[in-house]
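Take a walk through this model, one side chain at a time. Keep the coordinates open as you read.

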Amino acid sequence: MLFGRKKPEKIKKTKGEIAREYILKAIFITIGAFIVAVGLEMFLLPNKIIDGGVIGISMMVSYITKWNLGLLIFCINIPFILLALKNLGRKFVIQTFFATGMLAIATTILHGRQATEATVFGGIILGFGVGLILRNNASLDGTEMISINLSKKLKIISVGELLMFINLFIYMGAGFLYGWDRALYSIMTYY
């Protein structure tokens, strides 16, 4: 007892409450992944606009090789997800693995559908989906996990600064692959 106040007791959840919480998270992560897939497949990809991070790298590799985008996103993210296990925890990693799998499925389902050439909406849609996933304690991109780990270790640079540094190289690659106007649109969409 500190200064006459009792320490608040932890409220224990029942198994049913815990299961309900996990089911709701899975539903929101799935919805978020499908929203991200809409932004990618229906707005960005057809207009040769990329996202940052592993997703952007996967988009460029898919463009060059014609391999399935969802499969590339999933496979390229696996090493990053496994590296995050030690520092970000098992629960986060499992939910991230699930989110990445749902994104792979969603991009495969939506492949080849184009909504419009208004790519700014793709960025807004993508951001909404990513926000929904992050809010439910998961991630879609290995570069985010690397940035979180490095930021904790270095303590002199923020997660956002590290992401911008990594994405600078990815957008330069997009400039060489798609043209510099597409790279600039990609940066604007990412912003």
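**Charges, rings and a buried leucine**

K91 is partly exposed, because its relative accessibility is 36%. The classes run as follows: buried is under 20% relative accessible area, exposed is over 50%, and partly exposed lies in between (1.4 Å probe, protein chains only). The model is a predicted one; local features need pLDDT of at least 70, side-chain atom pairs count only at pLDDT 80 or more, and totals for chains, interfaces and linings use all residues. Numbering starts from 1 along each chain as its sequence is written, and side-chain values use heavy atoms, with hydrogens and water left out.

Which residue meets the side chain of K91 in a salt bridge? The partner is E21, at 3.9 Å from N to O. K91 belongs to helix 4 (residues 90–110) and E21 to helix 1 (residues 15–44), so the pair ties together parts that are 70 residues apart in sequence. Helices here are DSSP runs (H or I, at least four residues), numbered from the N terminus. A salt bridge requires a side-chain nitrogen of Lys or Arg within 4 Å of a carboxyl oxygen of Asp or Glu. E21 counts as partly exposed, because its relative accessibility is 27%.

The whole structure holds two salt bridges. R182 and D181 form one, with the closest N and O atoms 3.8 Å apart. R182 is partly exposed at 22% relative accessible area. D181 is also partly exposed, at 44% relative accessibility. Side chains of opposite charge can pair when their charged atoms come close.

Now turn to the rings. A search of the whole structure gives four aromatic pairs. Among them are F176 and W180, edge-to-face, with 5.0 Å centre to centre and 70° between the planes. Rings of Phe, Tyr and Trp (its six-membered ring) pair if their centres lie within 6.5 Å; planes under 30 degrees apart are stacked, over 60 edge-to-face, and the rest tilted. F176 is exposed at 67% relative accessibility, while W180 is partly exposed at 46%.

Last, look at L140. Is L140 buried or exposed? It counts as buried, because its relative accessibility is 4%. L140 sits in the loop between helix 5 (119–135) and helix 6 (142–154). Leaving aside residues up to four places away in sequence, L140 touches V36, I55, N77, A99, T100, L103, V130 and I133. Contact means heavy atoms within 4.5 Å. G127 is 13 residues from L140 along the chain, and their C-alpha atoms are separated by 12 Å.

Terms used
Helix = DSSP H or I, 4+ residues; strand = E, 2+ residues; numbered from the N terminus.
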